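I would like to walk through one model, and I will give the cut-offs as we meet each term.

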Amino acid sequence: MHLELAEFPVEQIRLANRFAYRRRILEIDESTLVSLILEDRRITEASLAVALPGESVRITGIRDIVEPRCKVAGGGNVFPGILGPVSNVGDGRTHRLSGMTVIAAAAYEGTIRAGTTVQRSALLDMSGPGAAISRFSQHAHLIVSFRIAPGLGELDAHHAIQQAELKVGHRVAEVTKSLNPENVSVYDLNERSPQLPTVMLIQGCITDPQHFHSGVGYYGISLRESLATFVHPNEVFDGAVTVDTTRSGRGYYPTTWDWQNHPLILALYEAHGKTVNFAGVILQRIRFETNHGKEVGAQNAALLAKAMGADGTLITWIGGGNAFVDVMFTVRACEQIGIKTTLVTYENGGKQGTDSAVLFYVPEADAIVSTGSLDRPVELPAMSRTIGPYNEIKVFPFPGAAPVSAQGELPLEARDAIIGGADIWGEQMWRCEEF
């Protein structure tokens with residue numbers, strides 16, 4: 001596969017009565033996009049707003065974030081299986097609007113009232129200490145704020161939210177179809193050096209047997225029942241991997257934007273042909289309910305990597321809790337068959353950073369890269385205004401918490417209420433101090 005990603009940077013977004021892109025300024029035809037969203041009868045209200053870095057703005061009800069992209073050459077279209085038929089992607093040319101996102105901010109209460117599968121949304125501050133935590137505060141955002149019809153089940157709500165944000169992202173990117181980009185990046189794995197080691201990325205993806213969606217979709221279908229699956233990294237850039245929009249409002253869950261800009265895939269591409277041969281991505285289902293299942297899943301992923309000729313693997317994951325056991329079992333399984341591993345993970349560690357940083361450990365995990373802590377509390381100051389469907393929010397992750405003003409001061413016990421609050425794959429830069 002040979003993919004060209006053509007970049008059109010955006011620094012300003014303006015709501016207008018036409019679509020246009022010039023000198024890094026994007027104009028949006030507001031009425032056209034609202035009409036596009038309201039074509040789905042599961043959505044009862046919709047509006048658009050813009051938020052820019054440094055503004056005293058808090059965005060509420062965030063379900064997902066996507067970078068606008070569209071294909072101008074090659075097979076299929078972006079987000080195959082969702083915006084169109086299942087068709088192979090990862091080849092040709094794709095246009096991207098960098099420096100901006102489309103944020104889906106939806107009011108939805110869900111039909112599941114308790115447990116790990118309950119619906120969840122997140123917030124984002126564009127200035128202050130909350131902005132310093134999240135990778136998304138440095139982007140210009142087009143916020144799509146809407147309400148889901150009452151009583152809608154999680155699966156229908158997910159489809160409505162996902163369709164709305166992806167249709168908007170695709171339509172916005174189409175403004176660049178006849179324009180020349182500022183930069184073009186080429187992604188091609190065909191050239192390999194026999195002198196270099198072969199490396200793959202094993203991406204653990206949490207699943208939950210009690211929920212309709214695993215949290216990760218491939219060509220629009222949940223990975224819930226799958227074993228290890230090989231994916232060409234170019235497919236990821238073209239939107240073949242997406243998220244569950246009713247539960248992605250957690251700091252340690254990736255957004256669709258994170259998949260489109262996966263930092264470990266980009267870093268391995270950068271190293272390809274120089275220090276390593278990058279051989280692709282393995283999506284691995286994790287969080288089996290039994291020890292037996294965890295061992296089978298780990299062995300399956302390791303053997304697939306071996307069959308692909310991997311000398312080494314980067315291993316990372318999505319999720320929390322006992323899914324980390326699956327991750328460590330995968331490290332062990334790879335090492336036992338001669339594949340060198342490096343684990344990339346966020347830490348827990350408690351509010352002071354003195355508790356155990358990881359939930360489970362195997363001796364074979366002798367190379368671990370930390371991407372920072374999730375557990376540190378943060379005090380968010382009041383913002384001048386809010387954007388999104390919620391004027392009041394619950395800041396504690398347990399049932400019965402009293403709602404508070406979304407615009408006022410917010411004391412957060414941990415950072416998972418902030419979208420991008422955990423640096424799960426090493427997107428941001430952190431300083432380490434010895435103590």
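Helices, taken as H or I with at least four residues, and strands, taken as E with at least two, are DSSP runs numbered from the N terminus. What you see is a predicted model, in which local features need pLDDT of at least 70 and side-chain atom pairs count only at pLDDT 80 or more, while totals for chains, interfaces and linings use all residues. Residues are numbered from 1 along each chain as its sequence is written, and side-chain values use heavy atoms, with hydrogens and water left out.

Let me begin with helix α8, residues 323-336, which is followed by G338, a residue whose phi is positive, near 90°. The expected span of a helix is 1.5 Å times one less than its number of residues, and for the 14 residues of α8 that gives 20 Å, in agreement with its end C-alpha atoms, which are 20 Å apart. Is α8 mostly enclosed or left open by the rest of the structure? If we call a residue buried under 20% relative accessible area, exposed over 50% and partly exposed in between, with a 1.4 Å probe and protein chains only, then 12 of the 14 residues of α8 are buried, so the helix is largely enclosed. Among those buried residues are F324, D326, M328, C334 and E335. Counting a contact as heavy atoms within 4.5 Å, the buried residues of α8 pack against β13 (198-206), β18 (277-286), α7 (291-307), β19 (312-318), β20 (340-347) and β21 (368-373).

Several of those strands belong to an open sheet of 6 strands with mixed pairing, in the order β16-β18-β13-β19-β20-β21. Its edge strands, β16 (229-231) and β21, each pair on one side only, where pairing requires that DSSP find at least two bridges between two strands. The twist from one strand to the next averages 20°, with axes being lines fitted to C-alpha atoms, for helices over the stretch in contact, and angles running from 0 to 180 degrees between N-to-C directions. Strands β16 and β18 are antiparallel over 3 bridges, and the bridge partner of T229 in β18 is L283. Helix α7 packs on this sheet, touching β13, β16, β18 and β19, and its direction makes about 165° with that of β18.

A second open sheet has 3 strands, ordered β2-β4-β3, again with mixed pairing. Here β2 (12-16) and β3 (20-22) stand at the edges with a single partner strand each, so one side of each is left without a neighbour in the sheet. Strand β2 runs parallel to β4 (residues 25-29), joined by 5 bridges, and I13 stands opposite L26 in β4. Helix α1 (residues 30-37) lies across β2 and β4, at about 55° to β4.

Turning to the cysteines, how many disulfides does the structure hold? With a disulfide defined as a pair of cysteine sulfur atoms within 2.5 Å, it holds 0. The sulfur of C205 is 15 Å from the closest cysteine sulfur, in C334, and that is too far for a bond. C205 counts as buried at 1% relative accessibility, and C70 counts as buried at 0%.

Finally, C70 is also one of the residues touched by T94, which lies in strand β8 (residues 92-96) and is buried, with a relative accessible area of 0%. The side chains of T94 and D238 are joined by a polar contact of 2.6 Å, the term meaning a pair of N or O atoms within 3.5 Å where, within protein, one must be able to donate a hydrogen and the other to accept it, and residues adjacent in sequence count only if both atoms are side-chain atoms.

Definitions and conventions
Lists of a residue's contacts leave out its neighbours within four places in sequence.
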